[in-house]
Each structure stands twice: as C-alpha cells, then as structure tokens.
Amino acid sequence: QVRLVESGGGLVQPGGSLRLSCLVSGSNFSITEMGWYRRALDKQRELVASITTDGTTNYADAVKGRFVISRDNIKNALYLQMSSLGPEDTAVYYCQAEGLLGESWLDQFGQGTQVTVSS
C-alpha cells in the first residue's frame with residue numbers, strides 16, 4: 001500500500017513563507033514524477049509545481065519566482081518552499097506521486113494540507 005502524507009500547512013500572513021513536506025511510504029513503488037497541486041474553495045484542483053526524478057521542474061505561472069519544489073529520492077520525500085504568499089495562495093495543497101508499483105502504473109495523491117494566507 002502506498003501512502004502520501006503532507007505536513008507543514010497552516011495560517012500565515014500575506015508576504016510570509018511556508019514549507020510543505022510530503023513523505024511517501026510503500027514498498028515496491030518506483031516513483032518517477034512528483035508534484036504539488038492545490039484546490040481553492042469553489043475552484044478546480046490545479047498543478048502548482050512538478051519535478052522529475054532527475055530534478056527537472058515545472059511551475060504554474062502564478063507561482064513562478066515565489067515557490068520552489070524539491071525532492072529527496074532517498075527519503076521518498078517532496079517539498080515545496082513557498083514565499084511571498086498572498087491570499088490567492090489559500091487552498092488545500094496536495095502531494096502527488098506517480099510511478100510503477102510492481103507492474104502497474106500508479107498515480108497517487110495525499111489527503112492534503114490546508115494553507116491559509118490571511119492577516
């Protein structure tokens with residue numbers, strides 16, 4: 001069984017920073033791409049950033065220059081450093097990992113962590 005567990009969300013003032021973490025557990029899961037998604041109230045889930053095994057990154061235009069995605073392939077961990085946060089960043093943030101689980105392809109999301117940007 002594969003589990004993704006996010007942490008690091010919370011309440012932060014505009015202009016502040018937060019660092020999200022995600023730990024992936026489960027044996028025989030060969031992870032390729034990982035990413036962070038978010039879903040704001042009354043909106044669809046959207047990609048925030050993604051990173052491949054070799055470290056190639058991709059960012060949504062809305063977060064470029066403010067967020068940095070990174071991963072630790074040894075620990076099966078994913079991180080998102082968020083800076084210059086604004087109210088528009090308020091959302092539930094989800095960790096995502098995809099890859100081979102045995103001989104099957106798996107695309108898994110975590111339960112999410114709430115980020116609220118407010119004064």
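Okay, housekeeping. Because the model is predicted, local features need pLDDT of at least 70 and side-chain atom pairs count only at pLDDT 80 or more, while totals for chains, interfaces and linings use all residues. Residues are numbered from 1 along each chain as its sequence is written, and side-chain values use heavy atoms, with hydrogens and water left out.

Let's start with the sheet. Strands here are DSSP runs of E, at least two residues, numbered from the N terminus, and two of them pair if DSSP finds at least two bridges between them. Four strands make an open, antiparallel sheet, and the order is S1-S3-S8-S7. At the edges sit S1 (3-7) and S7 (67-72), each pairing on one side only. From one strand to the next the twist averages 15 degrees, with axes taken as lines fitted to C-alpha atoms and angles running from 0 to 180 degrees between N-to-C directions. Look at S7 and S8 (residues 77-82): they run antiparallel, with 6 bridges, and isoleucine 69 has leucine 80 as its bridge partner.

Now over to S11, residues 113-117. Which residues are on its covered face? Thr113, Val115 and Val117 are, with Gln114 and Thr116 on the uncovered one.

Most residues other than glycine have a negative phi. Aspartate 42 has a positive one, about 65 degrees, and this residue is in the loop between S4 (29-39) and S5 (46-51). Aspartate 42 counts as exposed at 78% relative accessibility, on a scale where buried is under 20%, exposed is over 50% and partly exposed is in between (1.4 Å probe, protein chains only). The other is serine 84, with phi near 50 degrees, in the loop between S8 and S9. Serine 84 is partly exposed, at 47%.

Last stop, the charges. The structure holds 4 salt bridges, meaning a side-chain nitrogen of Lys or Arg within 4 Å of a carboxyl oxygen of Asp or Glu. Which residues are linked in a network? Arg38, Glu46, Arg66 and Asp89. Arginine 38 is in strand S4 and is buried, with a relative accessible area of 6%. Its salt bridge to glutamate 46 is 2.8 Å, N to O, and glutamate 46 is partly exposed at 38%. The one from arginine 38 to aspartate 89 is 2.9 Å. Arginine 66 and aspartate 89 are both buried. As for what else arginine 38 touches (heavy atoms within 4.5 Å), the list beyond four places in sequence includes Val48, Ala62, Phe67 and Tyr93.
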